[in-house]
Amino acid sequence: MTGTGPVEPVNAPDADGSFEVIGADAPRLTDRVAQRWGALPPRARKSAVAAGLALLTAVGALLLAPDDPETREPLDLSAWPADVTRWDYLGLAEHPNSPTTRGSYRFAVSVLRGPDVTLRVTGAAFDGLRAQSTPRPEFTVPGGATRRITVEISVSDCSELPLDAGFHYLDVTLRNTHAIQRHSFIFGGAFSRDLSDLLHEACDPIPPGPGPRPIGSASSQNAD
Amino acid sequence: MNTLPQQLANGLLLGSMYGLIAIGYTMVYGIVQLINFAHGEIFMTGAFGAFTVYFYILPDGTSMAVAVPLMLIGGGLVAILIAVGAERFAYRPLRGAPRLAPLITAIGLSLALQEVVRNFYPGADRAIAFPGLDTTHDIGSITIKDADIFLILSAIVCMAALAYFVRKSRTGRAMQATAQDPDTAQLMGIDTNRIIVIAFAIGGFFAAVAAVAYGLKYGNIDYRMGFLMGLKAFTAAVLGGIGNIYGAMLGGLVLGIAETLASAYIDEIPGMQQLGGQSWANVWAFCLLILVLLVRPQGLLGERVADRA
Amino acid sequence: MRRSLVILTSVLATGALTLTACGSRDDNGGSDNSDGDTTTLTIGVDAPLSGENSTTGLGIQYGAQIAVDDANKNKLVPGVTFKLKAYDDKAQPATGQSNATAITGDKTAVGAVGPLNSGVAQTMQQVFASAKMVQISPSNTNPELTQGKDWQTSKKRPYDTYFRTATTDELQGSFAADYAYNGLKKKSVFVVDDKQTYGAGLAKIFSEQFKKLGGKVVQTDHVNTGDKDFGSLVTKIKNSKADLLYYGGQYDESALLTKQMKDGGANIPLFGGDGMFATTYIEAGGAATEGDLATAIGVPADTLPAAKSFIETYKAKGYKGDYGAYGAYSYDATTAIIKAVKAVVDANDGKVPSDINDLRAKVVEEVQKSDFEGLSGKVAFDEYGDTTNKQLTVYQVEKGAWKAVKTGTADLG
């Protein structure tokens, strides 16, 4: 399931599971709204969009105008992806396998403004860790939108993996019409603890599987 | 790897630089009993003089073999000019005044020189990149570069020339006489004013040589470089016995080596980790000074002379 | 008598020459034209404007200057003309403190931007807190300043008046450690710091994080600010067989250190923090800096579209110093104060409160509520006074210029 092909699990058996098409695990409310929206006649839809846009523009103009009389040129089109993309950790998805060398973590990815940003999770700092968004390794978040995605992290080699690093990283390639950037998202707090839990389970004290080999805890090398 | 030879070489190099600058303190003190605290700044202006020759006068791409002697001349000229000018316009009018007066003048002059360079030399408000002689050579376990060789050679040549000059030349002997007793020397027909000017000039030139070596070795110069180097060189002069030119060089070498070895090895002594390392080098250097002055108040090579003042 | 004179003079001269490092130079950089009906309010900016660290310090001064000019030109706060008054702290804590006293003593001053150095900030915080005047540093990164002495165990904000637009060394040190270990694949590091609040703090955090990741700190040493000769240290570094030198401190010393280290045959990169991210580092260290690295707060200025006109103005005005490290942050810090004044004036029926102490106290409250898009991204402060915009970049010297090699955004929730 971590294949590189464009997997699109329409009506897949685990479609209501915790990890599937990006965005498809959004609250059901939106689904219902979408259905109703689809049921409207095209003209009504168009006028609704136009009215919505007009309203937004008006509100935006009202909010911005007095604050900043000399409005800057429309910067948004030239926004660099790393400056407009935000990751927030939501929590642990289930560990899908046992023995535990793999965990799934859910994030909310927001693109604050500007054009759509396409993201690909390429790693989690360490050589011994693999990270990938599931089910598709690459996903797009439209400008101004937030998507919830699941990142699967698996432990491939325990040697040289610190078990309590304090901060954990996701290396992500970000791409929009303006630029391609390689960027790291740094997490303290909950994600760091959850990932450390996985590393402990996978690498300490008994290494699971044939691949990982046992090492002393990272702190034993701390003499300086 | 045994680091001792390399550390000794480091100390020797640093010490040679201290020694070259210390000559200026010691000669002036020996003859007029004045501690020329602007000497560190004369060293600094020498560096800027040499840099001016390199950057503004010589065409781009001049080989360093040609450039370095010209820089020595340029830096030397500037340093001599300022040293002699300081003597003529700042110290000579105060000759015979209480000793505190020329001392305070010296401090004022040192501040003035720093500020003049900072404000009027283009780009001098921060460090200026100086051309380097960075080709390195490995001799056994010692790594040194061309700038280090230049420093050692110029220290040896300068010292030898100075020794010859003071002992053998007529002016040199007149200098010794003036140092021993200026009044009698004058009665014997020695032009003491000329001797004093020569002492300042030699000190200035030696400082300029050290400044060029400093630039070549560290790769940059700035308007405050004279402060710490001047203070250290003054310490070296006192350590070696102020008034004695060999003492100045010896004091410089002892100080440089002591500093280097202290920062290299003291933190390896069990229980002394907190007192070792680079940042404690100055502390150990001044401890050494205090110790030497306790045992030999006249300095390593100083002579116990009856106080004339 | 003669001998004692030598000793007396040496003591006296050392003292006197040390004193020369103090003193302040006031630059009246502002364009002040007070028409009768407008109120002139002063914003103080404190940074090293001469000597050590002055390249980045001047970047702070002129970043603030451009912010003030923009606000005056756009009449951001009707009826108020802002004036910038620059104070030179020479990177000396004592000078910073007396500058802080001067700023708070100025009856037209509403806030202060600066300082550059965390150690200087420590002495200024109390002064501003007593005067209930806001102080925003564009560059201080030491965690203690906002989160208290025991920030690692229990965070507690020491001063309500202190804010910063820079992120902390907790993050910076960790980011550097990660890049050293995972990006550069360096496993043993020699750590040197300059014993200052900023340098020592950063080096300590880096060491801890690097060890946590599994790396080894083979040896540590310290230097003094102002040191020039590092021969002995270089030999130690070479002998330690470390594959990376981490330096906590400013570019003045690290540029000399990297040159002497490479000339001395220890060909390992030097990695430092935002204190050495300046063009002067490359100018002073020359070719020896090639391959050296530094982390800096924020993302590269050229990826910030909003910063474009700022950079153009900076260059067009021919300002000295380097805007690259903190210029945009200084602009944002100054703008935060100006916007806070605007909020206070708006809440007071468009009039400037006549009591300066009242105005200052209200400005502090409004700065805490800041929320706007600045040059460096979103400007907002958390409950400790730290910026919520936590971005970092690793730069490497490539062909004589700093080039961004890795950027990161933190979410420490």
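A salt bridge is taken here as a side-chain nitrogen of Lys or Arg within 4 Å of a carboxyl oxygen of Asp or Glu. By that rule, A:Arg113 forms a salt bridge with C:Glu373, with the closest N and O atoms 3.8 Å apart. This pair crosses between chains, running from the loop between strand 2 and strand 3 (117-123) of chain A to strand 12 (residues 372-374) of chain C; helices (H or I, at least four residues) and strands (E, at least two) are DSSP runs, numbered from the N terminus. A:Arg113 is partly exposed, with a relative accessible area of 26%, and C:Glu373, at 47% relative accessibility, also counts as partly exposed. For these labels, buried means under 20% relative accessible area, exposed over 50%, and partly exposed in between (1.4 Å probe, protein chains only).

The model is predicted, so local features need pLDDT of at least 70 and side-chain atom pairs count only at pLDDT 80 or more, while totals for chains, interfaces and linings use all residues. Residues are numbered from 1 along each chain as its sequence is written, chains are lettered from A and ligands numbered from 1 in the order in which they are written, and side-chain values use heavy atoms, with hydrogens and water left out.

The interface of chain C and chain A has three salt bridges by the rule. One of them pairs A:Asp171 with C:Lys406, with the closest N and O atoms 3.5 Å apart. The contact (heavy atoms within 4.5 Å) takes 40 residues from chain C and 40 residues from chain A. Together the two chains bury about 3100 Å², 46% of it on carbon and sulfur atoms. C:Lys211, C:Thr409 and C:Asp411 supply 17% of the area that chain C buries against chain A, more than any other three residues. Buried area here is the accessible area (1.4 Å probe) that two parts lose on being put together, summed over both.

Over all chains, the structure holds 31 salt bridges. Within chain A, A:Glu152 pairs with A:Arg102, the closest N and O atoms being 3.7 Å apart. Here strand 6 of chain A is linked to strand 2 of chain A, with the two residues 50 residues apart. A:Glu152 counts as buried because its relative accessibility is 6%, whereas A:Arg102 is partly exposed at 27%. In chain C, C:Arg164 and C:Asp386 form a salt bridge whose closest N and O atoms are 2.6 Å apart. This pair spans 222 residues, from strand 6 (residues 162-164) of chain C to the loop between strand 13 (377-379) and strand 14 (391-398) of chain C. Both C:Arg164 and C:Asp386 are buried. Salt bridges that share partners also join B:Asp134, B:Lys145, C:Lys259 and C:Asp263 into one network.

Chain C itself comes to 13 helices and 15 strands, and buried residues make up 65% of its 413 residues. Among its contacts between residues at least 6 apart in sequence, 73% join residues at least 24 apart. C:Val110, in strand 4 of chain C, is buried, with a relative accessible area of 0%. The C-alpha atoms of C:Val110 and C:Ile43 are separated by 6.0 Å, although the residues are 67 residues apart along the chain. Leaving aside neighbours within four places in sequence, the contacts of C:Val110 include C:Leu41, C:Met133, C:Ile337 and C:Val363.

Some backbone details of chain C are also worth a look. The peptide bond from C:Gly114 to C:Pro115 is cis, with omega near 0 degrees, and C:Pro115 is in the loop between strand 4 (109-113) and helix 4 (118-130) of chain C. C:Ala91 has a positive phi, near 60 degrees, in a residue other than glycine. C:Ala91 sits in the loop between strand 3 (80-88) and helix 3 (93-105) of chain C and is buried, with a relative accessible area of 16%. C:Lys132, likewise not a glycine, has a positive phi of about 50 degrees.

In chain A, the buried residues of helix 4 include A:Phe191, A:Leu195, A:Leu198 and A:Cys203. Strand 1 (85-92), strand 4 (129-134) and strand 8 (180-187) of chain A are among the elements that cover the buried residues of this helix.
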